[in-house]
Amino acid sequence: MDIANELRKIIDGTVLAPGDHGFDRARRPWNLTVDQPVRAVVEAAHAADVAALVRHARLAGLTVTAQPSGHGASGTTDGLILLRTGRLDELTIDPQARTARAGAGVKWGQVLKETSPHGLLGLAGSSPVVSVTGYTLGGGLSWFGRKHGWAADHVRAFDVVDADGTPARVTADSDPDLFWALRGGGGDYALVTAIEFDLHPAPVLYGGRMVWSADHAPALLDAYREVTATAPDELTVWYELLQIPGAPPTVVVDSTFLGDAATAEDLLRPFEKAAAPNSDTRAVLPIADLGTITAEPTDPAPGRSRAELLTGVDDRTAATLLERPIDPLLTVQLRHLGGALSRPADNGGATGPLTEPHALYMLGAAPDRDAETAVRERQDEIATALLSQTSGRKPYTFLAPGETAAAAFTAGTLERLRDVKRSHDPHGVFRANYPIPG
Ligand SMILES: Cc1cc2nc3c(=O)[nH]c(=O)nc-3n(C[C@H](O)[C@H](O)[C@H](O)COP(=O)(O)OP(=O)(O)OC[C@H]3O[C@@H](n4cnc5c(N)ncnc54)[C@H](O)[C@@H]3O)c2cc1C
């Protein structure tokens, strides 16, 4: 059977198969270290294409994996149909109701640009080019998670195509189990075509980046521990050891505060007391400019990341992190969690509370296999040294190739997710980047 030709008969968007011009580019994920050997790529023109694709896949015994841009690609796509949702880009903001409705291809940067003039924000993370849908299905660890919790717990409804190819609107009332699973359990149970979620008032957003030379790293880590020990939920601070090739190593502190500049400056004073920064971009900023704080690369890049959740940052953790230069890693980052992330949400989704107060995120450039091996070994070395201070759990959106969804959930949650998978996709029409292990 020529799958691509069969699909072209029913899909209004683009269908590409091996050998077609543009196929390699279309199957390429954002993370260029990940190869995605797929049978075909379908770029849906609209939600009806998604339904047509699923009906065909169901009858033909094929499996579909949805991927807006592949920031979280795992490479386990052999034999799959890759669905690209970038053209499902409709976005509606209702400032009065404080809600947004975004097609499955909409990116966070687009949402914040639209909500910014209304003094409203969605629970975005650090990158403006990550999709709302991919991020939220995995829980969504936001700059504002300490104040508002997981992005997933602020979803009101999903428009989906189920495993029979039937469109449906999923809410807490219409299908409580599926609604629960989609809020943090990944994309293994249905294909989402649009998502409706809460917006939050943010009359003033303050934030920015302070940078020092690396010799101040120990004093600044002490300041990080001091500030995060008493930080209000409105304040979020990330501490980062940064080693850009060819440049001197630096220490970076990124922060956001949902409130006025003077209060934020008081709360962050311990960092300036530790040492005067070489540069400081902190200011009241438009919500639309959230992504400028970390200015993460927006173009596809080859990288290898590893995340861990820390049970605390004690003297031993600090000593391990500061023991020697981080190279060949680019960054070793601590993200302060806690606040609403650690509390059960009303009718919350599959992610559940995160009791660990800090996340550790390590990233290295991996342009070739040798570099990737060196990066992985350094990550392993740090993670091993921190074994007694890590919980073993990982946020779903921070899983990396070689890891499994089991690391993101408690045993009880995993069992319930398996039940939802069995009841909603018994024939395995869908496959997430990190599927629920059977
Ligand atoms: C630079 C960078 C910064 C990041 N910052 C953060 C952050 O601050 N907080 C955070 O939580 N995460 C962050 N992430 C991780 C990111 O949220 C994940 O990679 C996530 O997968 C979203 O990426 P994406 O939109 O490219 O989705 P993809 O990686 O393309 O897709 C992810 C998965 O979501 C599911 N999915 C996507 N669309 C659909 C759909 N329409 N229907 C059904 N399932 C679907 C599928 O299972 C798919 O495999 C970051 C990643 C990078 C590379």
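Which residue in strand 19 does Glu308 stand opposite? In the predicted model described here, Glu308 stands opposite Leu360 of strand 19. Strand 17 spans residues 303–310, and seven of its eight residues are buried, so the strand is largely enclosed by the rest of the structure.

An α-helix has 3.6 residues a turn, so residues three or four places apart point the same way.

In one of them, four strands are arranged in the order 1-2-4-3, with mixed pairing. Strand 1 (14–16) and strand 3 (64–66) form the edges, each pairing on one side only. From one strand to the next, the twist averages 20 degrees. Strands of a sheet pair through backbone hydrogen bonds, either parallel or antiparallel. Within this sheet, strand 2 (residues 40–43) and strand 4 (residues 81–84) pair in the parallel sense over four bridges, and Val42 has Leu83 of strand 4 as its bridge partner. Helix 1 (residues 3–10) packs on the sheet and touches strand 1, strand 2 and strand 4. The direction of helix 1 makes about 180 degrees with that of strand 1. Helix 3 (residues 47–60) likewise packs on the sheet, where its contacts are with strand 2, strand 3 and strand 4. The direction of helix 3 makes about 170 degrees with that of strand 4.

The other open sheet has five strands in the order 5-6-10-8-9, and its pairing is antiparallel. Its edge strands are strand 5 (91–94) and strand 9 (167–170), each of which pairs on one side only. Neighbouring strands of this sheet are turned by 10 degrees against each other on average, with direction ignored. Six bridges connect strand 8 (residues 155–161) and strand 10 (residues 191–198) in the antiparallel sense; in strand 10, Leu191 is the bridge partner of Val161. Helix 4 (residues 108–115) packs on this sheet, touching strand 5 and strand 10. Its direction makes about 35 degrees with that of strand 5.

For Gly72, a backbone N or O atom lies 2.7 Å from an oxygen atom of the ligand. A polar backbone atom of Val192 is 2.8 Å from a nitrogen atom of the ligand. A side chain is also involved: an N or O atom in the side chain of Arg335 is 3.1 Å from an oxygen atom of the ligand.

Two individual residues were examined further. Ser74 is located in the loop between strand 3 and strand 4. Its relative accessibility is 13%, and Ser74 therefore counts as buried, the cut-off being under 20%. The side chains of Ser74 and Thr76 are joined by a polar contact of 3.0 Å. When residues up to four places away in sequence are not counted, Ser74 touches Val34, Pro401, Asn433 and Tyr434.

Tyr206 lies in strand 12 (residues 206–213). With a relative accessibility of 2%, Tyr206 counts as buried. Not counting residues up to four places away in sequence, Tyr206 touches Ser255, Thr256, Phe257, Gly259, Ala261, Ala264, Glu265, Leu268, Arg282, Ala283, Val284 and Leu285. Asp173 is 33 residues apart from Tyr206 along the chain, and the C-alpha atoms of the two residues are separated by 37 Å.

Conventions. Residues are numbered from 1 along each chain as its sequence is written. This is a predicted model: local features need pLDDT of at least 70, side-chain atom pairs count only at pLDDT 80 or more; totals for chains, interfaces and linings use all residues. Side-chain values use heavy atoms; hydrogens and water are left out. Buried means under 20% relative accessible area, exposed over 50%, partly exposed in between (1.4 Å probe, protein chains only). Helices (H or I, at least four residues) and strands (E, at least two) are DSSP runs, numbered from the N terminus. Two strands pair if DSSP finds at least two bridges between them. Axes are lines fitted to C-alpha atoms, for helices over the stretch in contact, and angles run from 0 to 180 degrees between N-to-C directions. Contact means heavy atoms within 4.5 Å. A polar contact is a pair of N or O atoms within 3.5 Å; within protein, one must be able to donate a hydrogen and the other to accept it, and residues adjacent in sequence count only if both atoms are side-chain atoms.
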